[in-house]
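Here's a quick briefing to keep beside the viewer. Have a look at the sequence and the fold, then read on.

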Amino acid sequence: DRPLAAGFDIYQSQTDYQQATYSSNTTGVQLRLGFPISEYSSVGLRYTYQITQVFPFSNAPLEIQLAAGSTYGSIFGFTYGYNSLDDVRKPTTGMAFSLSEDFAGFGGNLKFIKTEAEYTAYRPAFDGAIINSLALHGGIIQGYDGAAVPINQRFFKGGDSFRGFALAGIGPRDLDAPLNTGAIGGNAYAIGTLSSRLPSLLPESYGVSIAAFSDFGTLGRVDNVIRACSQQSCVKDNFAFRASAGLSFGWKSPFGPLQIDLGLPIVKTKYDRPQILHF
């Protein structure tokens, strides 16, 4: 009985990537169409035309400086989703799965294929006192016809996507970049999360939740590194495994939902950028 859903968006966004030492300005238009195909599954179709300008900071690595300029083109995509969760906001049982594919190449200078998949499952324990969950996320983007993947289309992970590390704190990095800058993103990632939602010591009406978690995975593969040093590569890109563990505190405040993550990296590389507290 779910209805057909359609949408039309015109958007403009500007983002500063301090860790990656560049900012971007994106203007685009998107057409969306979604429809159910069974009780638990649905399909979404989309068409996007976007123009993105990349502005490297003055201390940006050479790879990002040479990425300055505009990318534009059409992107066709679809998402298949399956959802049997018992509650969308606070699930206790069931699973959710999605598979997304985006294809860019009909006009413009964008030529890539991007695939992402997500899987999450929930199961109660101790008569529902604890809710365990497993989440798996993976993605890959690759250019074709001789085109490299633009810097703004790569994956940057860290912060809420990999707790225990700063935004863009894992993955390929230019070691010569100053301070905490130098992230150049990656073309492929695989990240998992094990989590246990613990009983709250406060009444449920307070809206406070506590969970123990462990994030693990990797990010890597840059296909167009431009510079190499005389002794060793200035860009580290080795698909190293990372892992973290910690506690997550949530609160449904009068101003909106808030979350504080305390994550401690337990497996990392020398060039990663840890961050214990994430708000």
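Which side chains meet in a salt bridge at 2.9 Å, N to O? That's R242 and D272, taking a salt bridge as a side-chain nitrogen of Lys or Arg within 4 Å of a carboxyl oxygen of Asp or Glu. Bear in mind that this is a predicted model, where local features need pLDDT of at least 70 and side-chain atom pairs count only at pLDDT 80 or more, while totals for chains, interfaces and linings use all residues. Residues are numbered from 1 along each chain as its sequence is written, and side-chain values use heavy atoms, with hydrogens and water left out.

**R242 and D272**

- The pair ties together distant parts of the chain, with R242 in strand β13 and D272 in the loop between β14 and β15, 30 residues apart; strands here are DSSP runs of E, at least two residues long, numbered from the N terminus.
- R242 counts as buried because its relative accessible area is 0%, and the cut-off for buried is under 20% (exposed is over 50%, partly exposed in between, using a 1.4 Å probe and protein chains only).
- D272 is buried too, at 4% relative accessibility.
- The R242 side chain also reaches the backbone oxygen of A240 at 2.8 Å.

- R273 is in the loop between β14 (256-267) and β15 (274-275).
- What is the nearest side chain of opposite charge to R273? It's D272, 6.8 Å away, and R273 is buried yet has no salt bridge; for charge, Lys and Arg count as positive and Asp and Glu as negative, with His and the chain ends not counted.
- The side chain of R273 does reach the backbone oxygen of Y271, at 2.7 Å.

**Other salt bridges**

- The count comes to 6 salt bridges.
- One of them pairs D102 with R46 at 3.2 Å, N to O.
- D102 sits in strand β5 and R46 in strand β3 (residues 41-56), 56 residues apart, and both are buried.
- Another joins D215 and R163 at 3.0 Å, N to O.
- D215 is in strand β11 and R163 in the loop between β7 and β8 (164-165), 52 residues apart.
- D215 counts as buried at 1% relative accessibility, and R163 is buried at 12%.

**The largest pocket**

- The largest pocket holds about 1,400 Å³ of space.
- The closest of its 49 lining residues to the centre are Y122, R197, S209, A211 and Q259.
- A pocket here is an open set of points on a 1 Å grid over the protein atoms alone, where a 1.4 Å probe fits, with protein on both sides within 12 Å along at least five of seven lines; lining residues have an atom within 4 Å of a point.
- Its volume is the space filled by probe spheres set on the points, which are joined across faces, edges and corners.
- β6 (112-125), β7 (130-143), β10 (188-198), β11 (208-220), β13 (242-253) and β14 each supply at least two lining residues, and β10 gives the most, with 6.
- The lining divides into 23 nonpolar, 14 polar and 12 charged residues; Ala, Val, Leu, Ile, Met, Phe, Trp, Tyr, Cys and Pro count as nonpolar, Asp, Glu, Lys and Arg as charged, and the others, Gly among them, as polar.

**S100**

- S100 lies in strand β5 (residues 94-108) and counts as buried at 17% relative accessibility.

Methods: Helices (H or I, at least four residues) and strands (E, at least two) are DSSP runs, numbered from the N terminus. A polar contact is a pair of N or O atoms within 3.5 Å; within protein, one must be able to donate a hydrogen and the other to accept it, and residues adjacent in sequence count only if both atoms are side-chain atoms.
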